[in-house]
Every structure is written in C-alpha cells, then in structure tokens.
Amino acid sequence: MSTSPAPDALLGPADIRELAAVLGVRPTKQRGQNFVIDANTVRRIVRTAQVRPDDVVVEVGPGLGSLTLALLETADRVTAVEIDDVLAGALPATIAARMPQRADRFALVHSDAMQVTALPGPAPTALVANLPYNVAVPVLLHMLETFPTIERTLVMVQSEVADRLAAGPGSKVYGVPSVKANWYAEVKRAGAIGRKVFWPAPNVDSGLVSLVRRAEPLRTTASRREVFAVVDAAFAQRRKTLRAALAGWAGSAAHAEAALVAAGVSPQARGEALTVEEFARIAEAAPDREGSVPSPGSAGSGEPQRREDSE
C-alpha cells in the first residue's frame, strides 16, 4: 500500500508561477488556459466529484498539474489528456518530483481530447476536469460518448455554460448542451468557483457541473445520432414552432407535423419545452425510418404547404 502524499505535494500560487517561468509558459486565451493556483479548491473539486480510492480518473487539460496531483491523492489511477506540447512534456516530471510514490499510477496522453478514442490502462470510471471554456461542451460530450465506462463526471466550466448544461425544459437557457448532456446522464450544478483561485484570473465566473451516467440508457429505438439530429434542428431555429423548425429535418412541414403527432408532441410546441425522451420519440417517428407512421402527403395527397414565416 502506498504511503500518503506529503502535505505540500500540491501546487500553490508560487509553485505555479515558478513552474510557468521555468517552462516559459504564458497562459493563452486561444486554448482557454487559466491555471488553478489554490490547493483547497482542487481538493474541494476532488471531494465534490466523489472520487474513490478504486477510481480510474481521466482528466482533460491538466495544465501544470494542480488538479492532477489532488486526484492522485485519492484515485487509484489518473490519466491526463493534454494538447499543449510544453505542458505535456513537463507534467510527468512534476508528478515524479512532487508525488513520487504515486508516479506509477499516472499516465499522460499527449493529444487533442476531441481526437482521443482510447486510453492506456484500465477503463476510466470518472472524468474530472477544468475544461477550457472555448471547447468545454464538445469535449465533454465526446468523452461521454467515447468512454461509456465513465460513471461520474465533474467538470469546471464557465458559469454560463454550467447553467446551460444543467438547465431543464422550460428554462431560458435550456438548449442543445442541456439535452445532449441529459442523453447520457443526470446533470446538476454542483457549486461555484471564484475568479481569484485562477492564474490569470478570468473575466468570467466558473461553475461545477456534476453528471452521473444513467444507470440504464434511454429506452428508445432511435440511435444517438438520430436523436441529436432532431435536437440540432429544433434549436437551430428555436423561436419557431417544431412544425416549422423540423421541416428541413423531416423533408417538409407536413412530414414534421406527422412525426410530432405520432410522438405525442404538439406541432406548435418549441424545442425548449421538450425533454430528451420526447426528442427520442420524435426521432423514432422520423418519416424515413422503418416502422414510423407515414406522413400526410407522403403518398401524394397533394396537401398544400402552409406559410412558415410566423412560426
């Protein structure tokens, strides 16, 4: 059994700045880099994520290693995915220097997270990350789709993004990220993070989002791609009724209406009112799917097209 890490193993503000200076690293806006410089904050993130001693954690965007070291204190293994050449090159040495007794429990993948399709070692059971603000949602969804063994996720993102991810139907900020995240997991806000714990301090507030994967996948005969296609279409023109917004997806407004009726959804509803289950039912009723209800006009009924301007 490994010995406990030294109390000063985590990185503080002076450590972060010294490491950055040695490496010649300047945080870039392009990659959304804001390094956490507070040990209490990273330990709080690990606690909130409910990381267990048997967890295999994947971390995206470890930066200089603040959160990585805190994860290694608790988890069985940590695999970090880092795109930056300099940061990826330096991180193993930081782990070896500050937590040598856990270094064999750490693995690095030098890659763009959006391109990662496999990870070394045992399958990950948890995802914990301070996600770069500009790619937070696509990275999160990619990881959840690619690694179905991830049971629990805790991500730190821009507060506005956190609100969107955790929003429910009827909320003004409910949209594509909300529905797609809910396809995989139960999603909720899990706290706020102040600006002063970062270097450099961002101009926006940050929030924690917890995602606990559904014990059983959503019960639907439609595939994820089919459901997400409906979601994308519904919110591409979110002010329009679904009859109008889904016209392109279905082939015509009449086909869209037939699919909506078959799914038990009002053609006059808007995407922001629907649950992920309702989007799945619409996907199941798509005109070109086998077994779906035929749309009016599909057999040449010649139904005139309504004007969609007001919808």
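Residues are numbered from 1 along each chain as its sequence is written, and side-chain values use heavy atoms, with hydrogens and water left out.

**View 1. The whole chain and its confidence.** The protein chain has 12 helices and 9 strands; helices (H or I, at least four residues) and strands (E, at least two) are DSSP runs, numbered from the N terminus. Of its 311 residues, 50% count as buried, where buried means under 20% relative accessible area, exposed over 50%, and partly exposed in between (1.4 Å probe, protein chains only). The average pLDDT, which is the predictor's confidence in each residue from 0 to 100, comes to 89, and 88% of the residues score at least 70. Residues 1-6 stay under 50, and the model gives them 8 contacts beyond four places in sequence; a contact means heavy atoms within 4.5 Å. Residues 294-311 are also below 50, with 27 contacts in the model beyond near neighbours in sequence. Where pLDDT is low, the predicted coordinates should not be read in detail. Among contacts in the chain with a separation of 6 or more, 72% come from residues 24 or more positions apart.

**View 2. Helix α11, wrapped up.** Helix α11 (residues 253-262) has 7 of its 10 residues buried, so it is largely enclosed by the rest of the structure. The buried ones are A253, A254, H255, A256, A258, A259 and L260. After α11 comes G264, with a positive phi near 75°.

**View 3. Helix α8 against helix α12.** Helix α8 (residues 224-236) and helix α12 (residues 276-284) pack at an angle of about 105°, with axes 8 Å apart. That makes α8 roughly perpendicular to α12. For the bookkeeping, axes are lines fitted to C-alpha atoms, for helices over the stretch in contact, and angles run from 0 to 180 degrees between N-to-C directions; under 35 degrees counts as roughly parallel, over 145 as roughly antiparallel, 65 to 115 as roughly perpendicular and the rest as oblique. On the α8 side you'll find E226, V227, V230, V231, A234 and F235, meeting F279, A280, I282 and A283 of α12. By class, the residues of this contact split into 9 nonpolar, no polar and 1 charged (nonpolar: Ala, Val, Leu, Ile, Met, Phe, Trp, Tyr, Cys and Pro; charged: Asp, Glu, Lys and Arg; polar: the others, Gly among them).

**View 4. Two nonpolar cores.** A nonpolar core is a set of buried Ala, Val, Leu, Ile, Met, Phe, Trp, Tyr and Cys residues joined through side-chain atoms within 4.5 Å. The largest has 57 residues, and L131, L211, V227, L246 and F279 touch the most other members. Zoom in on L246 and, leaving out residues up to four places away in sequence, it touches V230, A233, A234, A256, L260 and I282. A second, separate core of 39 residues includes V51, I95, V128 and F198.

View 5. In helix α3 (residues 66-74), 7 of the 9 residues are buried, so it is largely enclosed by the rest of the structure. Those are S66, L67, T68, L69, A70, L71 and L72.

**View 6. Two buried loop residues.** V116 sits in the loop between β4 (106-110) and β5 (126-130) and is buried, with a relative accessible area of 4%. Neighbours within four places in sequence aside, V116 is in contact with V81, V109, S111, H142, T146 and F147. L218 lies in the loop between β9 and α8 and is buried too, at 13% relative accessible area. Not counting residues up to four places away in sequence, L218 touches W183, V276, E277 and A280.

View 7. Most residues other than glycine have a negative phi, and most peptide bonds are trans. Q50, not a glycine, has a positive phi of about 55°. Q50 is in the loop between α2 (39-48) and β2 (56-60) and counts as exposed, at 54% relative accessibility. W199 and P200 are joined by a cis peptide bond, with omega about -10°; P200 falls in the loop between β8 (198-199) and β9 (206-213).

Note on methods. This is a predicted model: local features need pLDDT of at least 70, side-chain atom pairs count only at pLDDT 80 or more; totals for chains, interfaces and linings use all residues.
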